[in-house]
Each structure stands twice: as structure tokens, then as C-alpha cells.
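Hi,

Here is the structure I promised to pass on. Have a look at it first, and then read on for what I found.

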Amino acid sequence: MSKIRVGLIGVGNCASGLIQGIQYYRNSKEIPIGLMHEKIGDYSFDDVEFVSAFDVGKNKVGTSLAEAIYKQPNMVDWVKSVEGCNCVVKESPVLDGVGIYVENMIDPIQQSKDISELEDEIIEEIKESKTEILINYLPVGSEKATKFWANIAIKTNCGFINCIPVFIVSDKTWQQRFVDARIPVVGDDIKSQVGATIVHRVLTKLCSDRGCTIDRTYQINVGGNTDFCSMLERKRLESKKISKTEAVTSQLKENLNSKNIYVGPSDFIPFLGNRKLAFIRIEGRQFANVPFNMELRLDVDDKANSAGIAIDAIRCCKLAMDRGIGGPLISPSAYFMKRPPKQFSDSIAREMVEEFIGGKRER
Ligand SMILES: NC(=O)c1ccc[n+]([C@@H]2O[C@H](COP(=O)([O-])OP(=O)(O)OC[C@H]3O[C@@H](n4cnc5c(N)ncnc54)[C@H](O)[C@@H]3O)[C@@H](O)[C@H]2O)c1
């Protein structure tokens, strides 16, 4: 079985975690923790191969991917070196990729080419490297850059996995474009293995299923990497807040007034690095209107939390390509992403993905 040839859009901490995680399990020969299955179809985690990569960091563009994943401001350091990943990181248009607060962390390459010239070079690189799936790891708020790359996926016939909260797979117009092009897409905004979103969703659903009324809830997140630094810029955050809030409210039977819910990234604490802390509170009422509340503090490595999910999403996207299925992959998007085209509870979404993998469900 041939490998899955993946291109990375943004060689930041998530890309670094994905590549180093695969190498970690290659070295240890253990069965990976945090994947749905050792094999999805015929594909194991080890079949994911990174054959092209694009970034704007002056220190990353022009170096091999194997080196670029260790460059500042990336912080993942799980293995000392990685095999393969010999492709050279190519230049991407900056567009709206670099926010004001990360300007002292990411030094973007001086762009001398116009966008159509860069686009031609990118298309050439994707064709030459035989990239078949592109995975989007651009910074939050990269609306224009994500749309540029979604167009590239369509032009080059690549499957597209959108890990960020810019709405492509959950947007009707973009959905249709991928249906017409018969290209599978999974998105939007990756949902971590045991992250704040899934924990908050499951607790919300538990309260709702047990007949409680939820009156108020919040989820506050803090972290210390470039992702959290970028998110200090409130206007980059609009779609992130929608994505995270809807992921929780979709699990409720009744609407919650927007004044009574706050879900969002809340601050940047540099010494936390890739550690992310989430503080969740739910206030509600039980039988006889008697009030209750619960609080939870989650402490996780944000990159370990999403890399396994990305490996599963890549393998599902490849299965769809093998089967000639294009357009939004409803089940994988519902299980792996915060803002899918259609929300389901996580247990139902999991069953749907199993059916998709087993060929009993088209998408
Ligand atoms: N658990 C998780 O890690 C998680 C969960 C959900 C969503 N996400 C999203 O995944 C994305 C990636 O996260 P990260 O931690 O790797 O971020 P990061 O800041 O470490 O990496 C972003 C990379 O994109 C590059 N970049 C900036 N503009 C670019 C452009 N125009 N073209 C190409 N590259 C460009 C930067 O130089 C950097 O290398 C973020 O949007 C984040 O919110 C992550």
C-alpha cells in the first residue's frame, strides 16, 4: 500500500508535534496511544509521509522540513531528530497570517514575488512532490491565507484538512466548490483528544441528558505558545469564539442566552509554553430548582492533544480519496473537528466514523 503524501501549510508547533509524534512511535515501536485504531483501512500512522511544506518564517523557508520543525518559535521537543521530511520548506504568501502580537516571534520573509507568481510555484511544488492531502495549520485569524490555500487544494486536486477556525468545510459555498471538484474535505478547527472543548461538551451533555437546566457556563483557556499569543488580538478571534461556543451549545437541548455563556481563549502566559490550562464552570439547577455547580481544571500539552487526531483525520481523508468520495466528510468532521458542517454528540459521531471506515457510510 502506498504511503499518504501530505503537505503542511504552516510549520509551527502543531506540524512539529505531528511529525515528532510519528517519529516517537517509530522509535519506540509501541502501539500509539490516542489514535482511533492502529490501522484505518490499510493505513497505519507510519504511512503518513510529509512531502511538501509551506511557511513564511525567514528561518524556516529554504531549510529542510526536518530542520524547520525545531526552529523558533516552535517548542515541541519530543525526539531529537526525525527521519525523512527532506522536502524544503517553500514560501507561502503572508497575507493575514502574522498578527501584531507575534511580530517579535515570527520574522516573515521579505516577499519579492507577486501572489500569482507564488501561486504558480506552489502549484508546481505540489505537483512535483505528488502531494495528495494538504493540512492547514495557519495561525488563528488567517482568513485570507486559508482561502488562498483552500483554492490551491481545489486547483491541485488535493484533499484538504482544515485544522483552524476559518470556516471552509462548514460554509455552504465552499462545501459546494469541494463537491464540484470531487475533493474530500475535513474541518473546521481540530478538536483535541481530551481538550477543553470535548470535556466541556461531554459535561454539558451529561447535565442536559440527566434533566438538569444549565443557567450559566464558562470555559477560560490560557497557554504560552504563539497560538495563544496570536489570540491576544481580539479581532483574529471572532471565528474561534463562534467555533468553540457552538461546539458546547450544540450539546444542549435548550438555547442558552449569549450573556450566560463565555467560551474562549483568554490569556497568554509565556512560561506555560505548549501547556494549556482550561478552567470550566457549569452552573445549573436540579430537581426542585435546587442549584448546583461544578468546576474543572484541565492541564494538557496542547500539541500532544491534537496530533493523534490529525493522523486519524488524514487517514480518513485518504480513505475517501481511495473511494472517489468528494466534498465534506460529515462523520470525520463531526468527530475530529469543533465546527463541522453538522454537529452530533461525540459518541454518535464516533459510531458514524466507524461506519465510514468500515465502508457502511459514504461520508
Ligand atoms: N490543540 C491544538 O493545538 C489546536 C486545536 C485547534 C486548533 N488549532 C489551530 O491550529 C493552528 C496551528 O497551531 P500552531 O500551534 O501550530 O500555531 P503556530 O503559531 O505554532 O504555527 C503557525 C505557523 O504558520 C506560519 N505562518 C504564518 N502565516 C503564514 C502564511 N501566510 N502561510 C504559511 N505559513 C504561515 C507561522 O510562521 C508558523 O510557523 C492554529 O490556528 C491553532 O489555533 C490548534
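Predicted model: local features only at pLDDT ≥ 70, side-chain atom pairs only at ≥ 80, totals over all residues.

The chain as a whole: its secondary structure comes to 11 helices and 13 strands. With a radius of gyration of 20 Å, close to the 21 Å that the globule rule gives for 363 residues, the chain is as compact as a globular protein of that length. Buried residues account for 48% of the 363 residues. And of the contacts in the chain with a separation of 6 or more, 78% are between residues 24 or more positions apart.

Now the sheet I'd point you to. It is an open one of 4 strands, in the order β10-β9-β11-β12, with mixed pairing. At the edges sit β10 (261-268) and β12 (291-301), each of which pairs on one side only. On average, neighbouring strands in this sheet are turned by 10° against each other, direction ignored.

Zoom in on β11 (residues 275-285) and you'll see that β11 pairs with β12 in the antiparallel sense, over 11 bridges.

Helix α6 (residues 196-209) lies across β9 (213-223), β11 and β12. Its direction is at about 15° to β11.

Cheers

How values were computed: Residues numbered from 1 in each chain as written. Pairing = 2+ DSSP bridges. Helix = DSSP H or I, 4+ residues; strand = E, 2+ residues; numbered from the N terminus. Axes fitted to C-alpha atoms, helices over the stretch in contact; angles between N-to-C directions. Contact = placed C-beta atoms within 7 Å. Rg over C-alpha atoms; globule rule 2.2 N^0.38 Å. Buried ≥ 20, exposed ≤ 12 C-beta atoms within 10 Å, placed from the backbone.
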